[in-house]
Amino acid sequence: QTRRGMLLSIRSDAQWLNATVENLLAITKLEGDGMHLSTTLELMDDIVEEALRHVNPAVREHDLKVVACDEPALVNVDARLMVQLVVNLVNNAITYTPAGSHIVISIGVHDGCVACSVADDGPGIAPEDRERIFESFYTANHGLADSCRSVGLGLSLVWEIVKLHGGTVCVENSSEAGTTVAVSLPLR
């Protein structure tokens with residue numbers, strides 16, 4: 001039992017380190033103009049499906065629901081970057097909500113745009129932090145007081161990827177509890 005616990009801890013640490021390095025490399029390339037988009041026509045539903053294969057295994061401790069689009073939500077995107085964007089949004093929700101929380105990924109088409117949002121019913125984000133959460137190396141919990149591992153790159157990378165694709169991203173606290181991060185991209 002002890003060995004199994006240690007192995008699971010090592011695996012979790014290795015996955016976190018891998019995700020951190022991937023985000024760091026991607027943000028460095030994006031901010032330094034070292035990355036060029038390789039765009040293809042993709043269904044946003046397919047991107048979300050692929051991203052869910054790569055999210056933090058702790059997702060099993062949450063109630064995850066995907067609300068697919070009723071019509072083709074086609075976007076012209078770099079699929080690899082868009083998968084990383086969705087992984088970062090879902091991992092963020094996993095990291096900052098307690099086990100048993102609800103996470104809902106919604107995809108829709110509105111006013112010539114494809115919207116993809118990740119909503120949770122966690123504690124939300126303080127108003128003073130909402131302005132800064134898309135900055136590199138900024139974490140809303142200032143020093144990881146609640147023992148969440150974060151270096152503040154996930155949402156910064158989301159911001160850069162969305163900007164590169166000509167879209168928008170916003171964050172809102174729900175009226176009851178939780179946070180919603182919504183990405184909007186041009187419909188193709």
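This report covers the fold, the sheet, the nonpolar core and a few single residues of the chain.

The model is predicted, so local features need pLDDT of at least 70, side-chain atom pairs count only at pLDDT 80 or more, and totals for chains, interfaces and linings use all residues. Residues are numbered from 1 along each chain as its sequence is written, and side-chain values use heavy atoms, with hydrogens and water left out.

**Overall fold**

The chain has five helices and seven strands. These are DSSP runs, numbered from the N terminus: helices are H or I with at least four residues, strands are E with at least two. From the N terminus on, the order is α-β-α-β-β-α-β-β-α-α-β-β. Of the 188 residues in the chain, 40% are buried. Buried means under 20% relative accessible area, exposed means over 50%, and partly exposed lies in between (1.4 Å probe, protein chains only). The accessible surface comes to about 10400 Å². Carbon and sulfur atoms hold 53% of that surface. Areas come from the Shrake-Rupley method with a 1.4 Å probe; for residues, only the protein chains shown count as cover.

Contact means heavy atoms within 4.5 Å. Among contacts in the chain with a separation of 6 or more, 72% link residues 24 or more positions apart.

**The sheet**

Five strands form an open sheet in the order β2-β4-β5-β7-β6, with mixed pairing. β2 and β6 are the edge strands, each pairing on one side only. Neighbouring strands of this sheet are turned by 15 degrees against each other on average, direction ignored. Two strands pair if DSSP finds at least two bridges between them. β2 and β4 pair in the parallel sense, over five bridges. Lys65 has Val104 in β4 as its bridge partner.

Helix α2 lies across β2, β4 and β5. It runs at about 160 degrees to β4. Axes are lines fitted to C-alpha atoms, for helices over the stretch in contact, and angles run from 0 to 180 degrees between N-to-C directions.

**The core**

In soluble globular proteins, nonpolar side chains tend to be buried together. Here the largest nonpolar core has 38 residues. Such a core is a set of buried Ala, Val, Leu, Ile, Met, Phe, Trp, Tyr and Cys residues joined through side-chain atoms within 4.5 Å. Met44 and Leu85 touch the most other members. Elements that each supply at least two residues include α2 (44-51), α3 (79-95), β4 (102-110) and α5 (154-164). The largest share, 10 residues, comes from α3. Beyond its neighbours within four places in sequence, Leu85 contacts Val158, Ile161, Val162 and Val183.

**Single residues**

| Residue | Relative accessibility | Class |
|---|---|---|
| Leu52 | 26% | partly exposed |
| Cys69 | 17% | buried |
| Cys116 | 2% | buried |
| Ser117 | 16% | buried |

Leu52 sits in the loop between α2 and β2 (63-67). Not counting residues up to four places away in sequence, Leu52 touches Leu64, Val66, Val90 and Ile105. Its C-alpha is 8.7 Å from that of Val83, 31 residues apart in sequence.

Ser117 lies in strand β5. Leaving aside neighbours within four places in sequence, Ser117 contacts Val104, Ile105, Ser106, Thr180, Val181 and Ala182.

A search of the whole structure finds zero disulfides, a disulfide being a pair of cysteine sulfur atoms within 2.5 Å.
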